[in-house]
Amino acid sequence: MARGEGGEQSSNASLLHKGPSNGVKPVAKHEKRGHLSVCSKLCYAIGGAPYQITGCALGFFLQIYLLDVALVDPFYASIILFVGRAWDAITDPTVGFLVSRSPWTRFGKMMPWIVLSTPLAVVCYFLIWYVPPIDQGKIIWYLMFYCLFQTLQTCFHVPYSALTMFISSEQKERDSATAYRMTVEVLGAVIGTGIQGQIVGLANAPCIPVGDALNSSSQDFGPEVNISQRHISLEHTRQAYMIASGVISAIYILCAVTVFCGVKERKETTRVRTEPMSFFQGIRLVMGHGPYAKLVMGFLFTSLAFMLLEGNFALFCCYTLGFRDDFQNILLVIMFSAALTIPFWQWFLIRFGKKTAVYCGTTSAIPFLILVILLKSNLIVTYIISFATGVSIAAAFLLPWSMLPDVVDDFKVHNPEAQGHEAIFYSFYVFFTKFASGVSLGISTLSLDFAGYVTRGCSQPVEVDITLKVLVSAAPIFLIIIGLIIFITYPINEERRQGNRKLLNEQRENELDSETDSTETDGSVV
């Protein structure tokens with residue numbers, strides 16, 4: 001937001017000085033205050049990059065890092081991934097509750113959380129990618145720093161997500177800022193995937209032949225199949241992961257500084273008129289709103305589908321498709337495609353509506369999820385399928401964050417006496433998506449353990465191959481279908497959304513008029 005746009009007191013002062021000559025000018029003034037400059041939207045959007053950069057690096061690479069680089073047993077790796085994500089999910093509503101109870105400061109309500117959590121989060125993130133020189137305490141090391149990082153990143157991301165409701169009172173401006181944010185977030189995913197993948201790809205962990213039977217199966221992949229370079233040691237690979245984490249940590253800090261310097265919170269866009277409530281009262285209030293519950297449940301299943309794909313696609317490329325030295329480039333194509341198509345989905349949801357965009361965007365992934373396991377392994381075909389899958393991932397990035405403000409507005413219309421709970425809405429959505437991520441990572445890694453996954457093997461047993469196909473194709477398709485069935489009952493269509501916008505604008509205009517009349521009365525008495 002432009003620095004010239006002020007808060008509640010300055011807006012009231014300007015109304016007093018100029019005085020409304022009729023009923024139109026206060027509305028025009030209100031509309032002007034709700035406008036966001038391109039610079040403000042860009043600065044706000046950049047704040048979403050750290051979450052996606054670190055999230056993609058962890059989502060795509062942490063599983064294969066724990067298994068093939070840190071040499072953690074698959075069973076313990078599944079515990080680290082599940083407990084870390086489950087802990088992260090628990091912290092989201094807790095942080096959301098604390099943020100909603102936070103007082104306003106000279107920097108705003110959300111900004112102190114974003115700034116203070118950044119340095120500690122960066123340190124913990126770096127230590128996740130360090131292999132400690134102790135075998136016995138390795139599991140405790142990764143579990144501790146993974147949980148600490150997730151907690152500190154929650155202290156960044158929940159306030160940042162709720163900041164959407166504080167940068168403008170206009171729904172159109174918030175949707176536009178969300179589109180900017182989603183574009184930058186997908187670009188952040190490209191950056192995270194590119195930095196981690198390209199740096200690590202230069203020092204790919206060497207594989208170990210696992211016997212004649214397994215070695216012979218690797219010959220069926222054809223000339224495109226590649227085996228990691230044998231002159232690179234495991235220590236080189238570990239150093240590459242640390243270099244990548246250092247670069248990502250520097251970007252994390254830069255993005256946080258940009259948000260702090262370029263975004264201003266607007267106190268008057270969300271007036272807190274209710275008494276502070278307990279944590280469980282907040283849960284009941286938020287989850288009791290039907291449209292929110294349906295939206296969260298629908299995206300819970302679709303998010304779980306794409307997280308299963310994200311968490312296992314690197315292993316799928318390495319072992320099922322046989323592209324051990326190209327998997328990082330395939331992942332980069334997916335995220336690059338998603339970044340390119342975010343503007344298209346923003347246009348699509350404006351032109352055809354958000355529910356239609358959900359159905360079209362999510363279902364478009366299904367044919368390609370089927371093709372990737374049915375077609376014979378071919379690098380060019382894999383790149384094409386990956387690019388097409390990225391189009392659907394772009395919709396999965398954009399739509400939840402574009403639809404959440406609509407649910408919050410709907411809640412405000414139906415509960416005008418209960419305001420100031422935006423952080424709780426956003427934190428519970430993040431809670432469910434992160435819990436889904438923890439479940440997907442835990443179940444998938446445990447499934448690979450039961451299937452007989454061979455650490456650092458140049459090839460894997462047939463059971464592992466089948467398990468990976470289920471995890472990246474059959475299971476995601478099933479979850480997408482369930483999510484779309486739930487979305488049928490989602491009640492906020494375009495007509496209701498526009499009606500809520502009109503009612504909220506009238507509420508804000510009435511508040512401005514009443515505050516102006518009250519101030520003028522006090523002045524005349526004096």
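Is Ile334 buried or exposed? At 5% relative accessibility, Ile334 counts as buried. The model is predicted. Its protein chain has 20 helices and zero strands. Of the 526 residues in the chain, 59% are buried. Among contacts with a separation of 6 or more, 87% join residues 24 or more positions apart.

**Around Ile334**

- Ile334 sits in helix α14, which covers residues 327-352.
- Setting aside neighbours within four places in sequence, Ile334 contacts Phe313, Ser386, Gly390 and Ile393.
- Thr193 is 141 residues away from Ile334 along the chain, yet the two C-alpha atoms are separated by 9.6 Å.
- Ile334 is called buried because its relative accessibility of 5% falls under the 20% cut-off.

**The α4 and α5 pair**

- Helix α4 covers residues 49-68 and α5 covers 74-100, with Leu71 in the loop between them.
- The two helices, α4 and α5, pack at an angle of about 145°. Their axes are 9 Å apart.
- The crossing of α4 and α5 is right-handed.
- On the α4 side, the contact is made by Leu62, Gln63, Leu66 and Leu67. On the α5 side, Pro74, Ala77, Ile80 and Leu81 meet them.
- By class, this contact of α4 with α5 has seven nonpolar residues, one polar residue and no charged residues.

- Leu71 has a positive phi of about 60°, although it is not a glycine.
- Leu71 is partly exposed, with a relative accessible area of 38%.
- Leu71 is also one of the residues that Tyr65 touches.

**The nonpolar core**

- The largest nonpolar core has 144 residues.
- Those with the most contacts inside this core are Leu62, Tyr65, Leu66, Trp129, Tyr142 and Tyr292.
- Helix α13, residues 290-320, gives the most to this core, with 18 residues.
- In soluble globular proteins, nonpolar side chains tend to be buried together.
- Leu62 and Leu66 belong to the core, and both also take part in the meeting of α4 with α5.
- Which residues does Tyr65 touch, not counting those up to four places away in sequence? They are Ala70, Leu71, Ile128, Trp129, Tyr130, Val131, Tyr142 and Tyr241.

**Gln153, a buried polar residue**

- Gln153 is found in helix α7, residues 138-162.
- Gln153 is buried, with a relative accessible area of 4%.
- Leaving out neighbours within four places in sequence, Gln153 is in contact with Pro50, Tyr51, Thr54, Ala121 and Tyr252.
- Gln counts as polar, and the relative accessible area of Gln153 is 4%.

**Ile90 on α5**

- Ile90 lies in helix α5.
- At 46% relative accessibility, Ile90 counts as partly exposed.
- Ile90 and Phe432 are 342 residues apart in sequence. From C-alpha to C-alpha, Ile90 and Phe432 are 9.2 Å apart in space.

**Cysteines**

- How many disulfides does a search of the whole structure find? The search finds zero.
- Cys43 is in no disulfide. The nearest cysteine sulfur, that of Cys39, is 4.2 Å away.
- Cys43 is buried, with a relative accessible area of 13%.
- Cys360 is partly exposed, with a relative accessible area of 33%.

Note on methods. Residues are numbered from 1 along each chain as its sequence is written. This is a predicted model: local features need pLDDT of at least 70, side-chain atom pairs count only at pLDDT 80 or more; totals for chains, interfaces and linings use all residues. Side-chain values use heavy atoms; hydrogens and water are left out. Helices (H or I, at least four residues) and strands (E, at least two) are DSSP runs, numbered from the N terminus. Buried means under 20% relative accessible area, exposed over 50%, partly exposed in between (1.4 Å probe, protein chains only). Axes are lines fitted to C-alpha atoms, for helices over the stretch in contact, and angles run from 0 to 180 degrees between N-to-C directions. A crossing is left-handed if the near helix is turned anticlockwise from the far one by less than a right angle, and right-handed if clockwise. Contact means heavy atoms within 4.5 Å. A nonpolar core is a set of buried Ala, Val, Leu, Ile, Met, Phe, Trp, Tyr and Cys residues joined through side-chain atoms within 4.5 Å. A disulfide is a pair of cysteine sulfur atoms within 2.5 Å.
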